[in-house]
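Take a look at the sequence and the structure first.

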Amino acid sequence: MQSDKEDGWIGLFFIAGLFLVYWIYWSGLSGSFIFDDFNNLGALGARGEVDDLASLKHYLLSGFSGPTGRPVALLSFLLNDNAWPSEPESFKYTNVLVHLLNGTLLFALTLTLLRFYEGQRRLSHNAKWAALLVTMLWLCHPYLVSTTLYVVQRMAQLATLFVFCGLLAWLRGRRLLIDRPVAGYLWMTVGLGAFGLLAAFSKENGALLPVLALVCEAFIVRKSVLAGPLHRVWKNIFLTVPTCLIVFYLLYVPFANGWFEPYSGRDFTPWQRVLTEGRVLWVYLYNWFVPHVFTAGVYNDTLAVSTGFLQPVTTLLSLFGLVCLLLLAWVCRNRWALVSLAIVFFFVSQLVESSTIRLELLFEHRMYMGSGFLLLPVIYYGMRFIPSWKVFMSGAVWLAILALFCWRGALLWGDYPAMIMVWEHKKPESPRAQLEVAKMLYEKGDQGAALRRLNIASARIPDDFVLRMSQALIQCQRGALTKESPTAVLRLSKTLNYRSAYIEAMQNGLNRSNNNDCKALTPYFMWQVADNFISRVDEKESVEYHQLAYIKGVALLLIRQNEAGKEALLSAVNEGASLHGKMGIASYLSTYGFLDEALQIALSVKADLEEGDLWRRELAESPALEEVNAFIGAVEGSRDKSKYRGAGEK
């Protein structure tokens with residue numbers, strides 16, 4: 001009877017906590033779409049509204065954020081709208097609901113694991129209150145605000161949701177193995193299989209579900225009297241083999257690339273990334289255990305790459321600290337198994353995004369999945385040595401502080417201009433932050449303030465290409481171009497490795513150069529920049545080579561070097577070129593009289609579209625077949641007229 005009353009109070013507190021979190025995040029719903037939202041959600045309007053099977057198929061297969069295309073996450077966005085542009089509030093609202101659902105699943109998962117850990121069908125008083133407190137602290141943690149209110153990070157949320165569901169289904173099966181083994185294996189197989197696929201097709205780190213299940217098995221479940229014996233064959237097929245495949249792939253990527261060769265489009269090697277991620281993991285842990293009112297948000301481009309164990313010296317210290325944590329997990333595996341679970345679960349959750357894959361180095365959303373149990377051993381074991389009411393009261397005070405921090409963070413996310421200014425203040429050395437502030441000022445019509453911002457930022461950060469190019473373009477537009485700006489752009493094009501992220505700045509420069517309103521930024525200047533970059537691109541089938549060859553070719557055409565421009569554009573028609581890019585090249589070639597070459601490219605694009613074997617970015621950036629046919633008809637008509645005129649002259 002007393003236990004039922006206690007359960008009732010815990011349930012009441014949990015529901016009240018969900019309403020608190022809902023209220024906290026309400027202030028952030030008025031925020032804007034930002035950054036990757038536009039790239040990923042723009043597919044909603046790529047072919048008009050998503051309102052039939054053909055448009056739905058095109059939309060779901062056109063995802064390009066990862067190797068799987070993440071169709072489950074894309075499908076979830078249709079809950080909010082089926083066209084683009086759209087309003088962000090509905091999308092953010094759904095993200096908040098998913099966050100609350102994930103908190104509910106974490107609560108159930110924590111209770112279930114503690115039941116296995118204690119080996120009793122009825123949970124102890126400490127376990128129930130510890131699970132409640134751990135869940136509420138996770139839900140209110142300010143480091144998760146960016147994941148929740150950044151619309152596109154629903155991908156990370158959904159991967160976590162399905163991983164938690166898969167673990168719960170697997171744990172239910174483990175309990176059923178004692179009395180009903182057939183039902184138990186069915187629950188485990190379907191749980192890991194179905195939810196694993198849903199998680200991986202939401203975001204690739206969802207593929208870690210069997211590895212995370214193996215972690216729970218190793219440290220908690222296998223030693224519990226509540227778990228029946230697990231058949232070795234089933235364990236090998238569904239837990240061990242998937243784990244080995246993931247590890248094999250994570251090793252294959254750097255060996256295929258070359259451990260000490262830079263990734264295409266990145267300024268670091270696989271080895272340097274592994275070294276740097278040792279420091280990044282401590283950044284995550286620091287921000288989790290020492291939370292801040294405002295985080296750095298999405299501006300993490302100031303992180304220095306580790307080029308050696310002592311460059312910087314914190315690399316060696318960080319790696320040593322991580323080894324110590326893993327040794328602690330090993331030492332505690334028997335007596336303090338929850339410590340081992342928390343540490344190893346966190347590390348495993350980072351395997352895909354914080355190891356050898358060619359991703360950017362640091363993002364806050366990578367903490368979302370693996371942070372759920374980090375506070376569990378502190379609270380649960382704390383109740384063993386300190387009166388539980390003291391631990392709970394201390395936790396309640398800490399929860400109030402986190403809730404306040406979370407509310408302030410959500411409030412900031414609801415005010416885009418203020419958010420950008422705060423992030424810029426926290427990251428004054430971030431080129432992206434400076435560019436975003438300048439863009440915001442420019443779009444408000446204050447071009448003078450935007451230029452002043454870029455001038456100051458360029459003086460502080462002289463070696464960022466996009467920053468320098470943007471500065472030169474606005475100076476040019478304002479009639480205030482200095483000699484230093486184009487010189488700096490040329491210098492950087494000779495020393496930096498080109499990245500595909502530069503293409504917007506390069507395209508803007510090409511467009512401005514064709515206006516003939518700025519003497520220094522000419523098509524010849526853009527040809528020089530592209531030629532400097534392209535001289536150091538080794539892979540001629542890469543996206544980077546395609547982009548540079550395209551810029552170079554167009555610039556040559558603009559300065560009337562038609563044959564050289566044609567050759568450059570034709571060299572850009574490679575495997576790195578999208579169908580949309582090929583049609584852009586065909587358009588330029590036809591404009592300058594190379595009709596046969598333009599027609600050949602357009603016909604190849606038409607063939608690819610008619611085959612229909614397109615997906616991910618290739619599909620997302622493909623032109624409509626009707627547009628290609630219209631172009632082909634126009635070029636054939638022009639070619640026929642040209643032949644007719646030629647015959648008449650003869």
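A residue counts as buried when its relative accessible area is under 20%, and as exposed when that area is over 50%. Keep in mind that this is a predicted model.

With those cut-offs, Arg 70 is buried, because its relative accessible area is 10%. Arg 560 is exposed, because its relative accessible area is 62%. Both turn up again below for their backbone angles.

Most residues other than glycine have a negative phi, and most peptide bonds are trans. Here are some spots that go the other way:

| Spot | Backbone value | Where |
|---|---|---|
| Arg 70 | positive phi, about 55 degrees | loop between helix H3 (53-61) and H4 |
| Trp 84 to Pro 85 | cis, omega near 5 degrees | Pro 85 in the loop between helix H4 (71-77) and H5 |
| Gln 311 to Pro 312 | cis, omega near 0 degrees | Pro 312 in the loop between helix H12 (270-289) and helix H13 (314-331) |

Now for the inside. The largest nonpolar core takes in 203 residues, and Ile 220, Phe 465 and Met 506 have the most contacts within it. Helix H5 (residues 88-118) is the top contributor to this core, with 13 residues. Leaving out sequence neighbours up to four places away, Phe 465 touches Met 506, with Val 489, Leu 492 and Phe 533 also among its partners.

There are some holes too: 5 cavities of 30 Å³ or more across the whole structure. The largest cavity holds about 60 Å³ of space. Its lining has 7 nonpolar residues, 2 polar and no charged ones, including Phe 294, Trp 413 and Trp 423. Helix H16 (residues 388-413) gives the most to that lining, with 3 residues.

Notes: Residues are numbered from 1 along each chain as its sequence is written. This is a predicted model: local features need pLDDT of at least 70, side-chain atom pairs count only at pLDDT 80 or more; totals for chains, interfaces and linings use all residues. Side-chain values use heavy atoms; hydrogens and water are left out. On a 1 Å grid over the protein atoms alone, a cavity is a set of points where a 1.4 Å probe fits but cannot get out, and a pocket is an open set with protein on both sides within 12 Å along at least five of seven lines; lining residues have an atom within 4 Å of a point. Grid points are joined across faces, edges and corners, and a volume is the space filled by probe spheres set on the points. Helices (H or I, at least four residues) and strands (E, at least two) are DSSP runs, numbered from the N terminus. Ala, Val, Leu, Ile, Met, Phe, Trp, Tyr, Cys and Pro count as nonpolar, Asp, Glu, Lys and Arg as charged, and the others, Gly among them, as polar. A nonpolar core is a set of buried Ala, Val, Leu, Ile, Met, Phe, Trp, Tyr and Cys residues joined through side-chain atoms within 4.5 Å. Buried means under 20% relative accessible area, exposed over 50%, partly exposed in between (1.4 Å probe, protein chains only). Contact means heavy atoms within 4.5 Å.
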